[in-house]
Amino acid sequence: MSLLPVEDALERLLHSASPPDKSESVPLHEACGRVLSSDVTARLTQPPFDNSAMDGYALRHEDIAELGSTLNVIGRAAAGHAFSGTVGKGDAVRIFTGAPVPAGADTVLLQEDAEALEGERIRTTFVPPKGRHIRPRGQDFLEGECVLRQGELLDAGRLTVAAAMNHPVLHVYARPKVALLATGDELVPPGSALNASQIVASNGYGVAAIAREAGAEVIDLGIAGDESNAILDAVDWAKACGADVLVTLGGASVGDLDLVQPVLRSAGMELDFWRIAMRPGKPLMVGRLGGMQIVGLPGNPVSAMVCSLLFLDPLVRQLARLPGAERRAFAVAGSPLSGNDHRQDHLRAKLSLRDDGAMVATPFEKQDSSMMKIFASADCLIVRPPFAEPAEAGDPCEILLLRPPPTNR
Ligand SMILES: Nc1nc2c(c(=O)[nH]1)N[C@H]1C(S)=C(S)[C@@H](COP(=O)(O)OP(=O)(O)OC[C@H]3O[C@@H](n4cnc5c(N)ncnc54)[C@H](O)[C@@H]3O)O[C@H]1N2
Ligand code: MOO
């Protein structure tokens, strides 16, 4: 059976995936990283009143046209404490940053530009232009103005302006729900006392982290043994939870106990594709079961991670309406790379910086897809296209960053 090229598989996966049209309200503190499901309009005018941008004196410009003018300080205005009177001819009000500008005043004189005299009087030592240091009402936004748009990703700046517009909660698209099911009789949760033939189910933690980072709400369906009913029960559970995506781990290959595909097909899954021209991750399977997208990941931990980065991450981002993560970069090979076969290869590698600033990617000697320690210490994957020619150390190569690249600092 021929293997599907990575690019074609990704295109087919994303082509059929449309974001769920569900919204929810979330408090501001929980809204960072979420996507607005409706426009956000200002509920007030900001600033709501003319206010002072500086600490100084509010006064009438015509009274200080000449350097050395003297004025009577008739009161005080601070943020949260307006001066209720009116600034008349020859008057000044001591004012602090953020305070409402009192009636009658049209300019703020910096306190550094005023000399305090005896008896609540000041003398000017500078003549500012009229209107200086006054922030006019509404200069930021006006009540009713649409400042944020549906589809925008909430970040620090947008959250701040949403709060300033007097919105305690925001309407955002619901996160896509990704249900995770580990399969295999040998699997036990971390922290268990293991018998001789058991291993710890680890893949789900990395896959969940990738899915969450991509914007998913993750539902952990636990571990199903190599038994049809256990897998079917988990599928029912995923449906009942309203999962948009069911990710299975393991049991994806061709062995007698690799039940995931036959069981899901018996439950009504339409298989879209299976087996990709990539290493690791060849047995990746994609299908649909009712409204649920099925992604069957191989059981080998590194295969599960690489497939999650290449396929699950872009799928979830699309469902979450988030922009794709750009992990692609270029480096030079730190050691010779052998020629490749028909499967796109993803070599776990360390990154360092050459004196000229170029990134150097040096693959680990061992590339077995079961070796989690090596994956955990890899900084990047070197992507070797199908049938790539052998390369020398120093030749350019494409990489996928697994963490931020090294810097000189
Ligand atoms: N005759 C063939 N055998 C295999 C082929 C093939 O084409 N022909 N493909 C190989 C490739 S490539 C891969 S990758 C593996 C993947 O197979 P499965 O998806 O069926 O994975 P399992 O057999 O269930 O498990 C493989 C390995 O990973 C361990 N595992 C499984 N789940 C977890 C988990 N949640 N956490 C940690 N480790 C897990 C499992 O115990 C096995 O050791 O198939 C090859 N075989
Ligand atoms: O493709 Mo498997 O993922 O070689 O180990």
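Predicted model: local features only at pLDDT ≥ 70, side-chain atom pairs only at ≥ 80, totals over all residues.
**View 1. Gly 33, Arg 34, Val 35, Tyr 173, Ala 174, Arg 175, Gly 215, Ala 320 and Leu 322 line the largest cavity.** The largest cavity holds about 60 Å³ of space. Sort its lining by class and you get five nonpolar, two polar and two charged residues. How many cavities of 30 Å³ or more are there? The count comes to one.

**View 2. Helix 1 (residues 6-15) meets helix 6 (residues 301-319).** Here the two axes come within 10 Å and cross at roughly 25 degrees. Angles under 35 degrees count as roughly parallel, and helix 1 and helix 6 are therefore roughly parallel to each other. Their crossing is right-handed. On the helix 1 side, look for Val 6, Ala 9, Leu 10, Leu 13 and Leu 14; they meet Leu 310, Phe 311, Pro 314, Leu 315 and Gln 318 in helix 6.

**View 3. Helix 3 (residues 203-213) crosses helix 6 at roughly 20 degrees.** The axes of helix 3 and helix 6 come within 9 Å, and the crossing angle makes this pair roughly parallel. The handedness of the crossing is right-handed. Helix 3 brings Asn 203, Gly 206, Val 207, Ile 210, Ala 211 and Glu 213 to the contact. Across from them in helix 6 sit Pro 301, Ala 304, Met 305, Ser 308, Leu 309, Leu 312, Asp 313, Val 316 and Arg 317. By class, the contact of helix 3 with helix 6 has nine nonpolar, three polar and three charged residues.

Key:
Residues numbered from 1 in each chain as written. Chains lettered and ligands numbered in written order. Heavy atoms only, no water. Axes fitted to C-alpha atoms, helices over the stretch in contact; angles between N-to-C directions. Helix = DSSP H or I, 4+ residues; strand = E, 2+ residues; numbered from the N terminus. Parallel < 35°, antiparallel > 145°, perpendicular 65-115°, else oblique. Left-handed = near helix turned anticlockwise from the far one by under 90°. Contact = heavy atoms within 4.5 Å. 1 Å grid on protein atoms, 1.4 Å probe; cavity = no way out; pocket = protein on both sides within 12 Å on 5 of 7 lines; lining within 4 Å. Points joined across faces, edges and corners; volume = space filled by probe spheres on them. Nonpolar A, V, L, I, M, F, W, Y, C, P; charged D, E, K, R; others polar.
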